[in-house]
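Reader: I am new to this structure and would like to learn how to read it. Please take one feature at a time.

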Amino acid sequence: MTIHVVGAGLSGLAAAVALVKAGHRVSVHEAAGHAGGRCRSYFDAALGRRIDNGNHLVLSGNTAIVGYLAEVGGAAGLAGPERAEFPFIDIATGERWTVRPNAGPLPWWLLSPSRRVPDTTPRDYLRALALARVPAEATVADCLNGNGEAFARFWEPLAVAVLNTEADAAAATLLWPVLRETFGRGEAACRPRMALEGLSECFVDPALAYLERAGALVGFHRRLRRIDFARARAASLQFASGEAVPLAASDAVVLAVPPQGAEALVPDLAVPMASRAIVNGHFLLPQPAARPRLLGMVGGLCHWLFLRDDVASVTISAADGVAETDADTLAKAMWSEIGLALGLDNGLPRPRCRIVKEKRATFAQTPAEVARRPETRTRFANLFLAGDWTRTGLPATLEGSVRSGNSAAEGVAKMLASP
C-alpha cells in the first residue's frame, strides 16, 4: 500500500508528514526541481542574499503550523517578539502607533487609548463580533466600514493582509475564524512570528529531512500529466516522462497542486478560478536589524515591512494593478516608504533590490470564489485534495495550507478504515 502525494508545496508536505507519522508508506511527486511551492527561499544574485519568494506572517495561535513545525523539528526557525505588538506608521502623515492586545480572552486593551489605533473607540473593534453571523455574500467592507480611522488604519490593512483581496470585495466569512483563533484568544495567541532564516529553512527543509528519515520517497521533476479513473477510483498516475504508476486497491492519492492544475486532472471538479497578485520588494540595508521586526504601513503603497538581518522586505497585497507597474518605478516608490518607516537619511541612495511579482499568489477570496472551494474528499474514493484553495474554513494562508494537508491525511485514514 502506497499513498501518493502529488505536489510538495506546504499542503503536500503537511499531508506527507501526517501520513508517515500514521505509519503509511508515502511517495511524493513534485513537478518542479524544489519543494515548498510559494513557501520557499532562494539565493538572489542581485542582492547576494537568500530571500523568500513571498513574505508570510505566522501568529502564535496558528495551531496547525505550530504542530507541523514541532513534528518536523522546525519550531526553532520562527522568531518574534515576546509579546503581541503590532507597530504601524501612516506613510501619508508620519504618525505612529502600536496595537497591543492584552493577555486573556477578555479584550480590556480596547479600553486603553494607548493600546489601540488613535482616534478610535472600543465600539469600532467590537463591531467585529458581527462577523460571526454574516451571510455568505457579505464583504469585509459591508460589515466593518464604519468609523473611518478604525477601518482605514486597522480593519482594512488586516483584512487585505489576511485575505489578499480588497476589503470591498473580500468575503467577510473568512475573517472571523482568523480573529476567533488569534485575537479572540488573547495576547498569547496573536504574537507575530517570522522565519528567522528563511521559509525553506523553517518549513521545507526540516520536513524533507523528516520524510527521508521516515523512508518516504520524494521525487522532483515529476509532473503529473493525467490521472486514469476506473470504477469511481483513481486507477493510475501518468507522468509527463511517460512513466505510468498503477494504483493498487489500497493505494490513495493526495492531489496538492494549484486549483487550475487540479481542475485539469479531475473530471467535473469546480475550483476557484480568479486570483489576486502579491508584489514584494527586497532591499539591502546599510546595516542589519538587531532582530526580526514587523511594521504595518498605511496611507501609502506598501502594506507591511519585514526586517530580517540586513534585508528589508515590503509587501503589497491585492496587487493586481500594481503588478503591471515596471519594477524600477515600484522600487523607487517602495524605497521612499521604507526610508520614512525606518527613519533613514533621505539622501541615502537606493540600494540593491529585487522586486518579485506573484501574479497568482492566492485565489481571489471573494464570496463567489469562496463558494467554489471544493471539499477534501472527491467523488473518487481514493482521491483527496489539499491546498489553501480547498474548503478549509480559513483564508488562503500558511495555516490553511497545513490544515488542508492534515485533512487530506485524515481522509485517507478514514478510507483505509472503511470496510
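Predicted model: local features only at pLDDT ≥ 70, side-chain atom pairs only at ≥ 80, totals over all residues.

Reader: Which hand does the crossing of H2 and H7 have?

Author: The crossing of H2 and H7 is left-handed. A crossing is called left-handed if the near helix is turned anticlockwise from the far one by less than a right angle, and right-handed if clockwise. Residues are numbered from 1 along each chain as its sequence is written, and side-chain values use heavy atoms, with hydrogens and water left out.

Reader: At what angle do H2 and H7 pack?

Author: Two packed helices are described by the angle between their axes and the distance between the axes. Helix H2 (residues 63-72) and helix H7 (residues 199-213) pack at about 50°, and their axes are 9 Å apart. H2 is therefore oblique to H7. Axes are lines fitted to C-alpha atoms, for helices over the stretch in contact, and angles run from 0 to 180 degrees between N-to-C directions. Angles under 35 degrees count as roughly parallel, over 145 as roughly antiparallel, 65 to 115 as roughly perpendicular and the rest as oblique.

Reader: Which residues of H2 meet H7?

Author: From H2 they are Ile65, Tyr68, Leu69, Glu71 and Val72, which meet Cys202, Phe203, Pro206, Ala207, Tyr210 and Arg213 in H7. Contact means heavy atoms within 4.5 Å. By class, the contact of H2 with H7 has nine nonpolar, no polar and two charged residues. Ala, Val, Leu, Ile, Met, Phe, Trp, Tyr, Cys and Pro count as nonpolar, Asp, Glu, Lys and Arg as charged, and the others, Gly among them, as polar.

Reader: How do H2 and H11 cross?

Author: The axes of H2 and helix H11 (residues 398-417) cross at roughly 65° and come within 8 Å. H2 and H11 are therefore roughly perpendicular to each other. Their crossing is left-handed. Thr63, Ala64, Ile65 and Tyr68 of H2 make the contact with Leu398, Glu399, Val402, Arg403 and Asn406 of H11. These residues divide into five nonpolar, two polar and two charged.

Reader: How does H1 pack with H2?

Author: Helix H1 (residues 10-21) packs with H2 at about 60°, the axes being 11 Å apart. That makes H1 oblique to H2. H1 passes H2 in a left-handed crossing. Leu10, Leu13, Ala14, Val17 and Lys21 in H1 meet Tyr68, Glu71 and Val72 in H2.

Reader: What is the order of the strands in the open sheet?

Author: In a regular strand the side chains alternate between the two faces of the sheet. Here the open sheet of three strands has the order S5-S9-S6, with antiparallel pairing. Strands pair if DSSP finds at least two bridges between them. Strand S5 (58-59) and strand S6 (78-79) stand at the edges with a single partner strand each, so one side of each is left without a neighbour in the sheet. In S9, arginine 193 is the bridge partner of valine 58.

Reader: How many aromatic pairs are found?

Author: A pair of aromatic rings is described by the distance of the centres and the angle of the planes. A search of the whole structure finds 10 aromatic pairs. Phenylalanine 154 and phenylalanine 183 have ring centres 6.3 Å apart and planes at 85°, so the pair is edge-to-face. Rings of Phe, Tyr and Trp (its six-membered ring) pair if their centres lie within 6.5 Å; planes under 30 degrees apart count as stacked, over 60 as edge-to-face and the rest as tilted.

Note on methods:
Helix = DSSP H or I, 4+ residues; strand = E, 2+ residues; numbered from the N terminus.
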